[in-house]
Amino acid sequence: MSAAATVKDLLQQAEQDLRALDSARLDAEILLCNVTGFDRSRLYAYPEEIVPEHKAKAYMTLVNERISGQPVAYLTGTREFWSIEFSVNQHTLIPRPETECLVEAALEHIPPDKTWRIADLGTGCGTIAIAIAKERPDCQIMAADISHDALMVAVTNAGKLRINNVSFVKSDWYSGLAGPFELIISNPPYVREDDKHLSQAEVRHEPMLALSGGIDGLQAIRQIISRAPAYLTPGGRLFIEHGCDQGETVRSILAGHQFSEIGTRTDYAGHERVSYGRVFHG
Ligand SMILES: C[S@@+](CC[C@H](N)C(=O)[O-])C[C@H]1O[C@@H](n2cnc3c(N)ncnc32)[C@H](O)[C@@H]1O
């Protein structure tokens, strides 16, 4: 590409280079916006605008990384969740849209005037904790993760978003937590370790710690559910995300650990995705 490349030239070249991807044009635009600071409408309004050489070079570097499978979110360092822009990096899972169903399900059970204590287990870049903290500013959220590097990203996100009702703790599930909580919420790793999705182009760039749920995918789910009653107030609720084929098993694990009022919600694609229950200590 010549020194005086225009927006149009760069996009055409990148779209061609990325043609193996379904999202070639979109990715090309997002990466160019990231490098230039333009918004997408400007790319269309001023296609002949010259992009300075150093930015054009930086752009081609990003396009090459995208060709090698790096997810766009890691290249731009951001991903939107719950209409909030979160910083992400290679230490954090890239937030998925279906996790918004988990947040929605939990919010339906948190009356707006309550000052509840809530735990988010495996917070990653902080999406669930921060979304709930924004929606329920009188609640106190404890966001836990075993990954120090992920927690650093979550702390940065909370700071940038001026969220004051979330505390962060390095914890192996409950090990660093002091209950009780009115509500526990978690999107744990739940992919079977032999699942071929783990080696797919983009997923293999994400942390295995955030994805793999052991041999049957249920290792973390079992640990979280089995110990939840000890950390919940009487009548407290647990909401947990899981794989689309794990609903029945997760409901039976809940039933085996003092939970009642058990149910499952489907995600936007109609797949069983979030199960929940209410604990009554016997
Ligand atoms: C599926 S990711 C969810 C991240 C984020 N909550 C989201 O929904 O985008 C699972 C998270 O659990 C964390 N994790 C894995 N094992 C853990 C453990 N033993 N204790 C606490 N967190 C753990 C991972 O570091 C990762 O951030």
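The crossing of α10 and α11 is right-handed, a crossing being right-handed if the near helix is turned clockwise from the far one by less than a right angle, and left-handed if anticlockwise. Helices (H or I, at least four residues) and strands (E, at least two) are DSSP runs numbered from the N terminus. The model is predicted: local features need pLDDT of at least 70, side-chain atom pairs count only at pLDDT 80 or more, and totals for chains, interfaces and linings use all residues. Residues are numbered from 1 along each chain as its sequence is written.

**Helix pair α10 and α11**

- Helix α10 (residues 219-227) and helix α11 (residues 247-255) have axes that come within 9 Å and cross at roughly 25°; axes are lines fitted to C-alpha atoms, for helices over the stretch in contact, and angles run from 0 to 180 degrees between N-to-C directions.
- That angle makes α10 roughly parallel to α11 (under 35 degrees counts as roughly parallel, over 145 as roughly antiparallel, 65 to 115 as roughly perpendicular and the rest as oblique).
- Ile221, Arg222 and Ile225 of α10 make the contact with Val250, Ile253 and Leu254 of α11, where two residues are in contact if their C-beta atoms, placed from the backbone, lie within 7 Å.
- The residues of this contact of α10 with α11 comprise five nonpolar, no polar and one charged; Ala, Val, Leu, Ile, Met, Phe, Trp, Tyr, Cys and Pro count as nonpolar, Asp, Glu, Lys and Arg as charged, and the others, Gly among them, as polar.

**Helix pair α1 and α4**

- Helix α1 (residues 7-17) packs with helix α4 (residues 53-67) at an angle of about 15°, and their axes are 10 Å apart.
- This makes α1 roughly parallel to α4, and α1 passes α4 in a right-handed crossing.
- On the α1 side the contact is made by Leu10, Ala14 and Asp17, and on the α4 side by Ala56, Tyr59, Val63 and Ile67.
- By class, the contact of α1 with α4 has six nonpolar, no polar and one charged residues.

**Helix pair α6 and α7**

- The axes of helix α6 (residues 99-107) and helix α7 (residues 127-135) come within 10 Å, crossing at roughly 40°.
- That makes α6 oblique to α7, and the crossing in which α6 passes α7 is right-handed.
- Helix α6 contributes Thr99, Leu102, Val103, Ala106 and Leu107 to the contact, while α7 contributes Thr127, Ile128, Ala131, Ile132 and Glu135.
- Seven nonpolar, two polar and one charged residues form the contact of α6 with α7.

**Ligand surroundings**

- Of the 22 residues around the ligand, those that come nearest are Gly122, Gly124, Ile146, Asn187 and Ala210 (a residue is near a molecule or strand if its C-beta atom, placed from the backbone, lies within 6 Å of it).
- Two or more residues of the shell around the ligand come from each of α7, β4 (140-145) and α9 (208-211).
- The shell around the ligand has twelve nonpolar, eight polar and two charged residues.

**Domains**

- The protein chain is assigned domain 1 (7-68) and domain 2 (79-279), with bounds that come from an automatic or database domain assignment.
- The C-alpha centres of domain 1 and domain 2 are 34 Å apart.

**Backbone geometry**

- The peptide bond from Gly179 to Pro180 is cis, with omega near 0°, and Pro180 lies in the loop between β5 (166-170) and β6 (181-186).
- Trp82 is not a glycine, yet has a positive phi of about 55°; Trp82 lies in the loop between β1 (78-81) and β2 (84-87).
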